[in-house]
Amino acid sequence: MLADARSEAGDLFAGFDAAQVAAIRDGMARAAQQRVQSRACRAAHRHHMRRANAEAVLADLLPTRVADGDSWHVMSRGDVDALSYVRHFLAGVSHVDLLVMSTWCIARSDLDEIGGWLDSGRVEHFELYAGEIFPSQYGDEYELMLRMRETYGCRMVIARNHSKVTLMANTAEAYSLVIESSANVNTNPRIEQSTVHASADLLAWYLEFFRGLRSIDKHS
């Protein structure tokens, strides 16, 4: 059957002269090479493309400033994760006094970005509540977070935690955001649901719970 298939494929060029066949095959080879280069380009710029895609998606869906008492419900996939929302809503305020993220895990690039916000004053205080796998399976990120604690006074709590909640507050502007999501801080290609609430009461309720947790990790 394979030989028959090859014979049928060869017959496709039966009506062309040798020069035409060579030109067609050369064009097919160039197209294949371009596809390879395109895939390599996407891989090389994967993080930046994900960030740009997420920002474009949320810019189409959400305002950068949520009215007090409003809630927005979002279904997304692929490029939108918990940090995408933080990045989006930071555009609507001068800074936030408080950024709290509860997540199963977090990537180094995300911590680097948060560190940049702390350096620039866009975020004044950061708290991370991570899952019990964080110290053992994300060793580099864990060590970086320990250094951020020393440098910026961040808080880190390791717990048997699988919740995904983000809190953002600007006290001077009386602006509070709560982002409840199925998404970790890390991007993955799955469908995620998220709800954004502008509610000081809900933020205070979550903050009281998280600050009552004790870390199961001796270093934090």
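Reader: What makes β1 and β7 count as a pair?

Author: Happy to go through it, and please keep in mind that this is a predicted model. Two strands pair if at least two bridges are found between them. Strand β1 (residues 71-77) and β7 are joined by seven bridges, in the antiparallel sense, so they pass that cut-off of at least two. For an example, look at Val 74, which stands opposite Ser 194 in β7.

Reader: How do you know that β6 pairs with β7?

Author: Strand β6 (residues 175-181) has four bridges to β7, and the two run antiparallel; at least two are needed. Here Glu 180 has Thr 195 in β7 as its bridge partner. Strand β5 (residues 165-170) also pairs with β6 in the antiparallel sense, over six bridges, and in that pairing Leu 167 stands opposite Val 178 in β6.

Reader: Why is β7 called largely enclosed?

Author: Buried means under 20% relative accessible area. Five of the seven residues of β7 (residues 191-197) are buried, so the rest of the structure largely encloses this strand.

Reader: Why are β1 and β4 called edge strands?

Author: Follow the order of the open sheet, β1-β7-β6-β5-β2-β3-β4, which has seven strands and mixed pairing. β1 and β4 (155-158) each pair on one side only, and that makes them the edges. On average, neighbouring strands of this sheet are turned by 10° against each other, direction ignored.

Reader: Which strands does helix α8 lie across?

Author: Helix α8 (residues 200-211) lies across β2 (96-103), β3, β4, β5, β6 and β7, and runs at about 65° to β6. Helix α7 lies across β3 and β4, at about 140° to β4.

Reader: Why are α5 and α7 called roughly parallel?

Author: Angles under 35 degrees count as roughly parallel. Helix α5 (residues 108-120) and helix α7 (residues 139-152) pack at about 10°, with their axes 10 Å apart, and they are therefore roughly parallel to each other. Among the residues that meet there are Leu 111 and Ile 114 in α5 and Leu 144 and Met 148 in α7. By class, this contact has seven nonpolar, one polar and six charged residues.

Reader: How do you know whether Glu 127 is buried or exposed?

Author: Glu 127 lies in strand β3 (residues 123-130). Its relative accessible area is 2%, and under 20% means buried, so Glu 127 is buried.

Reader: What makes the link between Glu 127 and Arg 211 a polar contact?

Author: The pair of N or O atoms has to lie within 3.5 Å, with one able to donate a hydrogen and the other to accept it. The side chains of Glu 127 and Arg 211 make such a contact at 2.6 Å. Another polar contact, of 2.7 Å, joins the side chains of Glu 127 and Tyr 129. Beyond its neighbours within four places in sequence, Glu 127 is in contact with residues including Leu 98, Val 100, Arg 155 and Leu 207.

Reader: And why is Ala 67 called partly exposed?

Author: Ala 67 lies in the loop between α3 (46-61) and β1. Buried is under 20%, exposed is over 50%, and partly exposed is in between. At 41% relative accessibility, Ala 67 therefore counts as partly exposed. The C-alpha atoms of Ala 67 and Leu 177 are separated by 9.9 Å, although these residues are 110 residues apart along the chain.

Note on methods: Residues are numbered from 1 along each chain as its sequence is written. This is a predicted model: local features need pLDDT of at least 70, side-chain atom pairs count only at pLDDT 80 or more; totals for chains, interfaces and linings use all residues. Side-chain values use heavy atoms; hydrogens and water are left out. Axes are lines fitted to C-alpha atoms, for helices over the stretch in contact, and angles run from 0 to 180 degrees between N-to-C directions. Angles under 35 degrees count as roughly parallel, over 145 as roughly antiparallel, 65 to 115 as roughly perpendicular and the rest as oblique. Contact means heavy atoms within 4.5 Å. Ala, Val, Leu, Ile, Met, Phe, Trp, Tyr, Cys and Pro count as nonpolar, Asp, Glu, Lys and Arg as charged, and the others, Gly among them, as polar. Buried means under 20% relative accessible area, exposed over 50%, partly exposed in between (1.4 Å probe, protein chains only).
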